[in-house]
Amino acid sequence: MKRKVKSVVGLKAIIMFGLFWWHSWLENPPFDLGARACEILFVVSGFLVSYNHYGKNEDFSWERSITYTKGKFIQMWPLHFISFLIYIVASQYPLFEDKIQWIIAALNLSFLQAWFRNEAIFFSFNGASWFLSALLFCYFITPLLQLLVKKIRSVALFLPVAVLVRLFFEYVQRRRPEAFGYSVHVSPFIRALEYFIGMMA
């Protein structure tokens with residue numbers, strides 16, 4: 001049985017507190033704490049998944065990807081649905097007015113919202129749930145990423161390259177927001193890169 005990495009689990013708890021702070025009524029610090037906290041959480045999630053599965057003889061297969069993601073989906077969905085209902089009631093959201101709102105609701109409840117470019121979709125209802133949408137994609141490709149980590153001959157060299165690529169995306173997004181046809185902040189592919197960085201670490 002693997003020893004629990006208390007320092008990393010503790011870091012995750014601190015970052016979660018930072019996220020709650022960023023989205024609360026409290027005055028925010030003079031930097032984008034929310035964005036930085038999300039980045040760290042994806043890196044830490046990748047690290048913990050890789051740590052927990054390190055040394056296990058697990059071969060890559062799409063079947064394993066689906067099974068792994070299905071288990072995570074079942075864990076996440078009940079609380080997500082409850083928060084969805086709370087938002088509907090508390091905000092008196094006019095869900096029944098037109099078909100578009102029903103479609104957006106279906107995308108949100110199926111954790112597909114982060115795949116769309118429209119802010120009205122990826123920040124719909126419980127706005128922070130885009131995080132779960134992107135995280136589920138990371139879980140889906142976890143077996144593939146594990147295979148890549150095993151195949152990479154020099155993780156020490158590949159890791160800083162991946163970090164530089166991630167920083168490049170952030171730089172371009174800040175200097176020329178129109179350069180990408182998607183939001184770097186919610187993109188499942190960008191978040192998967194951060195997750196992969198954690199796995200390599």
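Predicted model: local features only at pLDDT ≥ 70, side-chain atom pairs only at ≥ 80, totals over all residues.
The axes of α3 and α6 come within 8 Å of each other and cross at roughly 150 degrees. Because angles over 145 degrees count as roughly antiparallel, α3 is roughly antiparallel to α6.

**How α3 meets α6**

- Which way does α3 pass α6, left-handed or right-handed? The crossing is right-handed.
- On the α3 side, the residues that meet α6 are W62, S65, I66, Y68, T69, K72, F73 and M76.
- On the α6 side, their partners are L132, L135, L136, Y139 and F140.
- K72 and L132 are 60 residues apart in sequence, yet their C-alpha atoms are 9.9 Å apart in space.

**Helix α6, mostly covered**

- How many of the 11 residues of α6 are buried? Nine of them are, and α6 is mostly covered.
- The buried residues are W130, F131, S133, A134, L135, L136, F137, C138 and Y139.
- These buried residues pack against α2, α3 (62-91), α5 (119-122), α7 and α9.

**The nonpolar cores**

- The largest nonpolar core has 36 residues. F42, W130, F131, L135, Y139 and Y195 are those with the most contacts inside this core.
- Which helices each supply at least two residues of this core? They are α1 (6-22), α2 (33-53), α6 (130-140), α7 (142-151), α8 (155-175) and α9 (188-200).
- Apart from this core lies another one, made of eight residues, including F84, L109, I121 and F125.
- Leaving aside its neighbours within four places in sequence, Y195 is in contact with F42, S45, G46, V49, C138, Y139, T142 and L145.

- α2 and α9 pack with their axes 6 Å apart, at an angle of about 50 degrees. That makes α2 oblique to α9.
- The crossing of α2 and α9 is right-handed.
- From α2, the contact is made by A35, C38, E39, F42, V43, S45, G46, F47, V49 and S50. From α9, R191, E194, Y195, G198 and M199 take part.
- The axes of α8 and α9 come within 10 Å and cross at roughly 155 degrees. These two helices are therefore roughly antiparallel to each other.
- What is the handedness of the crossing of α8 and α9? It is left-handed.
- V155, F158, L159, A162, V163, V165, R166 and F169 are the α8 residues in this meeting. They meet I190, R191, L193, E194, F196, I197 and M200 in α9.

**Helix α4 and what follows**

- Helix α4 covers residues 99-109, and its buried residues are Q101, I104, A105, L107, N108 and L109.
- What covers these buried residues includes α3 and α5.
- After α4 comes F111, whose phi is positive, near 60 degrees.

- S129 lies in the loop between α5 and α6. Is S129 buried or exposed? S129 counts as buried because its relative accessibility is 1%, and buried means under 20%.
- The side chain of S129 reaches the backbone oxygen of N126 at 2.7 Å.
- Not counting residues up to four places away in sequence, S129 touches H80, N108, Q113 and S124.
- K150 lies in helix α7. Why does K150 count as exposed? Its relative accessibility is 54%, and exposed means over 50%.
- K150 and F180 are 30 residues apart along the chain, and their C-alpha atoms are separated by 31 Å.

Key:
Residues numbered from 1 in each chain as written. Heavy atoms only, no water. Core = buried A, V, L, I, M, F, W, Y, C linked by side-chain atoms within 4.5 Å. Buried < 20%, exposed > 50% of the residue type's maximum accessible area, 1.4 Å probe, protein only. Helix = DSSP H or I, 4+ residues; strand = E, 2+ residues; numbered from the N terminus. Contact = heavy atoms within 4.5 Å. Polar contact = N/O pair within 3.5 Å; in protein donor to acceptor, adjacent residues only side chain to side chain. Axes fitted to C-alpha atoms, helices over the stretch in contact; angles between N-to-C directions. Parallel < 35°, antiparallel > 145°, perpendicular 65-115°, else oblique. Left-handed = near helix turned anticlockwise from the far one by under 90°.
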